[in-house]
Each structure stands twice: as C-alpha cells, then as structure tokens.
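Trainee: Hi! Could you walk me through this structure?
Mentor: Happy to. Let's look at the picture together.

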Amino acid sequence: MVNEKLPKFWFLHPKLEPPQTGKTARTVARGHRVRTLLIITQFYPPDFAATGQLISELAAQLSDLKIKVSIFTGQPGYAFTKESAPQREATERVSIQRSRTSRILPLRIRGRAINGLLFCLRAAMHLLKTAKKRDILMVTTEPPYLPIMGYLANLVFGLPYVCLIYDLYPDVAVELNVVPAKHWLVRLWDRCNRQIWQRARAIVVLSSTMKQRIVAKCPEIADKITIVPSWADPKLISPLDKQRNWFAQKFNLTNKFTVLYSGNLGRCHDLDTILLAAQHLRDEPIQFVFIGRGAKLQSCLDQVQCLELTNCQFMPFQDKAVLPYSLTACDLSLVSIGLGLEGIIAPSKLYGILAAGRPVAAICASDSYLRQLLDEADCGRAFDNGDSWGLARFIRHLAANPLKASHLGRSGRRYLEDHFTPEIVARKYLEVFDQAFLGDE
C-alpha cells in the first residue's frame, strides 16, 4: 500500500520510491542480501555533530532490520564536555570502535584538515584488519577525503562501497575562498572524485540540487545516485507548549516571541541576514536564540556587541536528551544556506524543526530544494540571502498571528511523519545497500 499523498513529494526527490509498508516492508526486511555493514565516519555520539547523530540513528534502525552494523569513528571533536569516549562499545547488532585520533583545533580549517588526515590513516589500518569480514562498506564525507578509503578497499579487497555525501568537496572549499577554483588541488580533487564515484556501487546524496551538481561533474554516474533525505524521530521530538517546557522557562523564553537558530554556526551558513533581521526588530517583543558553536560564533558575538543588540542570546550545543525541549522552546526556527553553497550542503536541522511542530524560515538561493519542500509541506517561507527585511516582516507577522504559526508547525509535523521518519529512511538505505551488494548480477 502506498500513501496517496506522495506524488508531489517524489517530484522533489525523483530517485526516491514510495516507502513500503505492511507486508511488503516486512518482505524487504526479511529478504535483503546484506548482512554485515561497515560504516566509517569521523563524527559519532557523544559528538554533537549532526552527521554523527544521524549515523547513530541509522545504525540503530538498520540493526532492527537484521543488519549487523560496525562503526569505525574518531574521538569526540565537538563534544567539548567530554575529553574522550570508550574505544569500544557494542550492542546486540551495532559495534563501535573509536580511533585514538587527537582533536587538534577542531573549529579551525587547518586543524580539521590534520584531524581528517590522521583519521583516514587510522581508517586504512582498520580496513586492513576487517574489510574481508564485511558485505559492504559505507564511507561518508566526514572527513571530505574519506571516500578514498572506499576506493582503495575495493581495489585491494574487492569490498563494494557506497558513498554518502553530506558536503560536496572541493566545492565547499572553493566557495569559502579557501582555495581558488582553478587551483591544481581542486582539479586533482575533482579527478579523484570522479574515479571514486565511478567505482562506487552507489552514491547517496541529501538533496536534488546536490545530485544536479554531481551529475554536472560526472554525467555517467547519474543512475548510481539516490536522493535520500535526512530525518528526525517524531517519537523523540514532539510538539510541546513553551509554558510547559522547562528549557523555555529556565532561559526566560516564554514571554516573548522566540526565534531559534539551533546548530552549527559555521562558514556555510548565512548568519548575517539573521542578525540584520534581529537589528530591524530590536525594539519589539521578539528575541533571537542561537544554540551551537562553530567558526562564525565569535564574529556573531562581535556583531551583536557592535550593533548593541539586547535581543540575542547565545547558548552552547545541547545534549541529545535536551533537544526535545530546546527545539520546542521557540515560536519559529531558522535554517540557512550561505550564498553560493546550494547543492553543496544540505542542513539536517530542518527535520528536527519539523518534528518539533514549529514553523520554518529558510534563508537560501532561489533555486534551493528547501523552497520546494517548504511549499509542499506548507510549513514556512523561504527568503533570499540578504533579505533581512523580508525575514523581519515574516517574523513580525507570525508574532501577531499565533494561529498561523501553529498551523504551519502542525503541517510540517504531519509532513515529517509521512516522509522523513527513521523507519522510512532506513528502508531506503537498505534498498541502496542491497542493490550495491548485488552489483551487476
């Protein structure tokens, strides 16, 4: 049985097929070919990095589908309250091994590059020991050059691999002016990517615009690419009134209309438009809350001080157990993609917002997949980068019309339950792995 509401959604994500339910889903779970899966990713809980949190949830869902999952990861780089995590952990079907890679300036580009290289070396050593024991390998782009390990494991051991692309490199580095577009390193990286993608059994991307960018670079792999969005667990995060929310009460968020940005305050996100909107609304009963850390944190603090804004509050990353309360301690949540970065990154924070039943304001390019998704879900509105006045007017409108804000939040929640739950997404990954494992059979 297929949900009749799906056709418009599949236009946004053309490679996705309707999620299977009932008897069909159970048949897929019973009859799959992949039994053992190795996932390599630099970030994993207790790290606060969203990519690691998602991999953790995916591993749990796949284990429910009878897949034995092994995780190879690093020590926490963003969980600043924890110096280290156990080197080995295990549940019935998920085992975790952490390298001893050090955390060298994780918020700086050079430090992250060194950490990534060290982690790749550790991952190579791990593959030498375990590659022959696995049916299939999935490598993420955390760190960006990790997919090389999949390519080498396939060359040496014949291990089929799937690339999960969170962020598209070297495009990110070029757009952030870390390296010129015509630099030899960019050309070499693009050449390596093409080799890696062509040898991969499958490639998973998070959005239709990311697929478009990759196909433009390597048209011959178009059929290998599957769009599988991120997700959020509606059982973990559910709508909660601010007046009954201890987090909102603790930080005095109950008496004013609260606008929340929760997540990485990084170079890939447009925070300037948000702060300018806060400046426009400085004399109104509206407050902005930023939860997270990142390379732009200090510049945001400096800008708030320079503009003498008293309507902005900054907090550190929150533990996963706190997310159901922090994400519902607001009246509107924000998502942003920096100018020129559409199709290069895909913010996962959107799905937690939908689960929390809060309306969304997205700052993004005119061709962003976010605009189609928000329209389809009827859960918010998108604004061009730099349109701080438009964002401010929308915030003011929702503050004056709580019934409208409530409608948008409920609509987004329903949309998530139909399309972006862990169970739905895990079945899609299972299909990708099975097809990749079968190869050309």
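Trainee: Which residues have the most contacts inside the largest nonpolar core?
Mentor: They are Ile40, Met138 and Tyr429, and the largest nonpolar core has 104 residues. A nonpolar core here is a set of buried Ala, Val, Leu, Ile, Met, Phe, Trp, Tyr and Cys residues joined through side-chain atoms within 4.5 Å. Buried means under 20% relative accessible area, exposed means over 50%, and partly exposed is in between, with a 1.4 Å probe and protein chains only.

Trainee: And which helix gives the largest share of this core?
Mentor: Helix 17 (residues 422-438), with seven residues. Helices (H or I, at least four residues) and strands (E, at least two) are DSSP runs, numbered from the N terminus.

Trainee: Where does a second core come in?
Mentor: There is a second, separate core of 30 residues, and Val259, Val304, Leu309 and Ile395 are included in it.

Trainee: Back to Ile40. What does Ile40 touch?
Mentor: Leaving out residues up to four places away in sequence, Ile40 touches Phe72, Phe119, Ala123, Leu127, Leu137, Met138, Val139, Thr140 and Leu146. Contact means heavy atoms within 4.5 Å.

Trainee: Before I go on, what kind of model is this, and how are residues numbered?
Mentor: This is a predicted model, where local features need pLDDT of at least 70 and side-chain atom pairs count only at pLDDT 80 or more, while totals for chains, interfaces and linings use all residues. Residues are numbered from 1 along each chain as its sequence is written, and side-chain values use heavy atoms, with hydrogens and water left out.

Trainee: Good to know. How many helices and strands are in the chain?
Mentor: The chain has 17 helices and 14 strands. Of its 441 residues, 58% count as buried. Taking contacts between residues at least 6 apart in sequence, 73% join residues at least 24 apart.

Trainee: Is Leu58 buried or exposed?
Mentor: Leu58 counts as buried because its relative accessible area is 3%. Not counting residues up to four places away in sequence, Leu58 touches Met138, Trp231, Ala426 and Tyr429. Leu58 and Ser230 are 172 residues apart in sequence, and their C-alpha atoms are 9.9 Å apart in space.

Trainee: At what angle do helix 3 and helix 17 pack?
Mentor: At about 75°, with their axes 9 Å apart. Axes are lines fitted to C-alpha atoms, for helices over the stretch in contact, and angles run from 0 to 180 degrees between N-to-C directions. Helix 3 and helix 17 are therefore roughly perpendicular. Angles of 65 to 115 degrees count as that, under 35 as roughly parallel, over 145 as roughly antiparallel and the rest as oblique.

Trainee: Which residues make the contact?
Mentor: Leu58, Gln61 and Leu62 from helix 3, and Pro422, Glu423, Ala426, Tyr429, Leu430 and Phe433 from helix 17. By class, the contact of helix 3 with helix 17 has seven nonpolar, one polar and one charged residues. In that scheme, Ala, Val, Leu, Ile, Met, Phe, Trp, Tyr, Cys and Pro are nonpolar, Asp, Glu, Lys and Arg are charged, and the others, Gly among them, are polar.

Trainee: What about helix 10 and helix 15: how do their axes cross?
Mentor: The axes of helix 10 (residues 272-280) and helix 15 (residues 388-400) come within 8 Å and cross at roughly 60°. That makes helix 10 oblique to helix 15. Thr273, Ile274, Leu276, Ala277 and His280 of helix 10 meet Ser388, Trp389, Leu391, Ala392 and Arg396 of helix 15.

Trainee: New topic: the backbone. Where are the cis peptide bonds you'd point out?
Mentor: One joins Pro45 and Pro46, with omega about 15°, and another joins Tyr169 and Pro170, with omega about 10°. Pro46 is in the loop between strand 1 (36-40) and helix 3. Pro170 is in the loop between strand 6 (161-165) and helix 6 (171-175).

Trainee: What is the phi of Lys66?
Mentor: Positive, about 75°, although Lys66 is not a glycine. Most residues other than glycine have a negative phi. Lys66 sits in the loop between helix 3 and strand 2 (68-73) and is partly exposed, with a relative accessible area of 47%.

Trainee: And Asn252, buried or exposed?
Mentor: Asn252 counts as exposed, at 59% relative accessibility. Its phi is also positive, near 55°.
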